[in-house]
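Thanks, everyone; I would like to take a few minutes to walk through one model, moving from its surface to its charged pairs. Please have a look at it first.

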Amino acid sequence: MKKERINMLQELIESEQEISMEKLIYQFELSESTLRRYLDILEKQGLIEKHYGGVRAVINTIPYDKRFDRNIQSKHRIGVLAASLIKDNDSIFIDSGTTTIHIIDSLKNVKNITIITNNMNVVYLCKKFKNFKIIFLGGEFINSTNCCANYDTVKILKKYNLDKAFIAANGFSLQKGATNSDICEHDIKSLAVKQSQQSILVVDHSKFGRAGLATFASVNAFHTIITDQMPDQSYIDYCSSNQIELLWPSV
């Protein structure tokens, strides 16, 4: 019974991404002390992290397929906006993650672009575009993110000058910048930002105010930030003051 409860707790937290203690107590009809004991077990396993008043799922422990289905409409809207920035003959980097791949569906009217990526899903989805040049960076395959990432990946990426880089993040805040929980991918994201003339962060609203294990770029490293809905006013004010383009769908 205890193991079943803990498994159900884990599933709910992964589904919600972030949830309050109050909601968990109500949902599972547990005392606060019992709930805290169960959460301690999940925290020791590295599956959740606690914060004041609640808990959140540790992103890189959630299977790729589950993350792909989460906030899928929001990610599609971000993808449409991001694709609108790509012009004929651009050389672009498309990062790993479940948001960046939604850029591909909106590229039908763009010609002769070069896509550099470590994201295996991007390679597969681009097969239908005969006039695209695809450069796959290779390296060690990371099952949790469906991408390749190691020293060799970084070494190959260093060869290329990029017009635009579309970068994903596990968390984004004004204090910590763009963060990621997978150290293997950290150097690739950081390098892609530096190698590009225009670095573009693509993050849905659930990533705002969160921080992953390591910062790979400050807020000011990005020329453009694309999200799915209007963020908190503090982000709007900061971007306006620092000449960072902040985009979200009008509808």
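This is a predicted model: local features need pLDDT of at least 70, side-chain atom pairs count only at pLDDT 80 or more; totals for chains, interfaces and linings use all residues.

Met120, Phe136 and Phe141 make a nonpolar surface patch of about 260 Å², where a patch joins nonpolar side chains (Val, Leu, Ile, Met, Phe, Trp, Tyr) within 5 Å, from residues with over 30% relative accessible area and no salt bridge, the areas coming from the Shrake-Rupley method with a 1.4 Å probe and only the protein chains shown as cover. Residues are numbered from 1 along each chain as its sequence is written, and side-chain values use heavy atoms, without hydrogens and water.

Turning to the charged pairs, a salt bridge here is a side-chain nitrogen of Lys or Arg within 4 Å of a carboxyl oxygen of Asp or Glu, and the structure holds nine of them. In one, arginine 56 pairs with glutamate 18, their closest N and O atoms being 3.4 Å apart. Arginine 56 is buried at 15% relative accessible area, whereas glutamate 18 is partly exposed at 34%; buried means under 20%, exposed over 50%, and partly exposed in between, with a 1.4 Å probe and protein chains only.

In another, lysine 189 and aspartate 95 meet at 2.5 Å, N to O, and this pair links parts of the chain that are 94 residues apart. Lysine 189 is buried, at 2%, and aspartate 95 is likewise buried, at 1%.

Terms used. Patches are made of residues with over 30% relative accessible area and no salt bridge: like charges are joined within 9 Å, nonpolar side chains (Val, Leu, Ile, Met, Phe, Trp, Tyr) within 5 Å. Helices (H or I, at least four residues) and strands (E, at least two) are DSSP runs, numbered from the N terminus.
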